[in-house]
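Visitor: I am new to this structure. Please take me closely through its aromatic rings and what surrounds them.

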Amino acid sequence: MGEVNDGMKEIYKRTSVFSFIGSGIATIYCIVFYFVWFEKFSVNGETLIVSGVSAISLLIAGLFFNNAQQNLSDETMAEIESDVAFEKIDELIMQWMPSFYPTMHNVNADGVSLFQIIPSKRRPFARKLTAIKFLSEGFIVPATYDILDMKDELLASFTFWNNGNRFLLTLHSRDGKRIGYFEQWLTKSVLKNKGTLFHENDRVWRELTANNMAGDIDVVDDDGKMTAKYRFGRFPYALHPAFEAEGVHNYIRFGNHISNEEKLAYTMIFFFWLKK
């Protein structure tokens, strides 16, 4: 057997660690506030109560996710693939990995991480800026993200650019060739996500519009066949043990006739929409 891919186990572990750290920070703040700034409950007691409740809530969350990751046995996981076969991927569950930078793991129905999205390490300065939310979406300085397999091999990359009125997402292959781009105007997508995906030659590829305020999306081709489907709020897939600690998740299903490049394009777009 090769190296083991922890998938959801690692996500729960990291969530637990970040929760414990947050609880510790909130506890220290609560103590310092009580002895330094606290006057009386009728004056500024709300801050003391909020920080105390936050500390307790984060502690409970840390214990919960620590227990969840311990209950996941390695037998439910799989070996890391050296190469991601996108033609065999027909569905994804998108999971945020707790980190100072926007980091996403795309896992399968068994909770095994297939590939990841992280701010590009090839642009160190821009990477550091993504720790700030509005800069992580390419405002002022373009933000570049890499799509990597679980051995950190580059599969593709994309760049966000926000000029204050328009979001532009450009997808590149691993060798830097432009595959296509997605354009979303802020004035036309105030209430729900709406935008256009273009080929690299500026020809329209797909029109995307959320079905409702929840963000559910169905994308079809010219023949009416489904190319991608996004759902938020579905129960854990088949009640698999890997997802028992979660009430909902972000689920994507691809059409079985679309290209690998189109799957990468949808992955880029949904990553962008989920960040907001």
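Guide: Ring pairs join Trp96, Tyr145, Phe158, Phe160, Phe167, Phe271 and Phe272 into a cluster. Rings of Phe, Tyr and Trp (its six-membered ring) pair if their centres lie within 6.5 Å; planes under 30 degrees apart are stacked, over 60 edge-to-face, the rest tilted. This is a predicted model: local features need pLDDT of at least 70, side-chain atom pairs count only at pLDDT 80 or more, and totals for chains, interfaces and linings use all residues. Residues are numbered from 1 along each chain as its sequence is written, and side-chain values use heavy atoms, with hydrogens and water left out.

Across the whole structure, a search finds 25 aromatic pairs. Take Tyr12 and Phe65: their ring centres are 5.8 Å apart and their planes meet at 35 degrees, so the pair is tilted. It links distant parts of the chain, with Tyr12 in helix α1 and Phe65 in helix α2, 53 residues apart. Helices here are DSSP runs (H or I, at least four residues), as are strands (E, at least two), numbered from the N terminus.

Helix α2 covers residues 41-71 and has 31 residues. From first C-alpha to last it reaches 42 Å, close to the 45 Å expected at 1.5 Å a residue; that span is 1.5 Å times one less than the number of residues. Its buried residues include Leu48, Ala55, Phe65 and Ala68. The buried residues of α2 pack against α1 (8-36).

Back to Phe158, from the ring cluster. In the largest nonpolar core, of 41 residues, Phe158 and Tyr266 touch the most other members. Such a core is a set of buried Ala, Val, Leu, Ile, Met, Phe, Trp, Tyr and Cys residues joined through side-chain atoms within 4.5 Å. Helix α5 (residues 260-275) gives the most to this core: ten residues. A second, separate core of 13 residues includes Met8, Ile11, Met97 and Tyr251. Setting aside residues up to four places away in sequence, Tyr266 touches Leu197, Arg206, Leu208, Val219, Thr227, Ala228, Phe254 and Ile258. Contact means heavy atoms within 4.5 Å.

One ring meets a charge. The charged end of Arg166 sits over the ring of Trp185, 5.6 Å from its centre. The test: NZ of Lys or CZ of Arg within 6 Å of the ring centre and within 35 degrees of the ring normal.

Conventions. Buried < 20%, exposed > 50% of the residue type's maximum accessible area, 1.4 Å probe, protein only.
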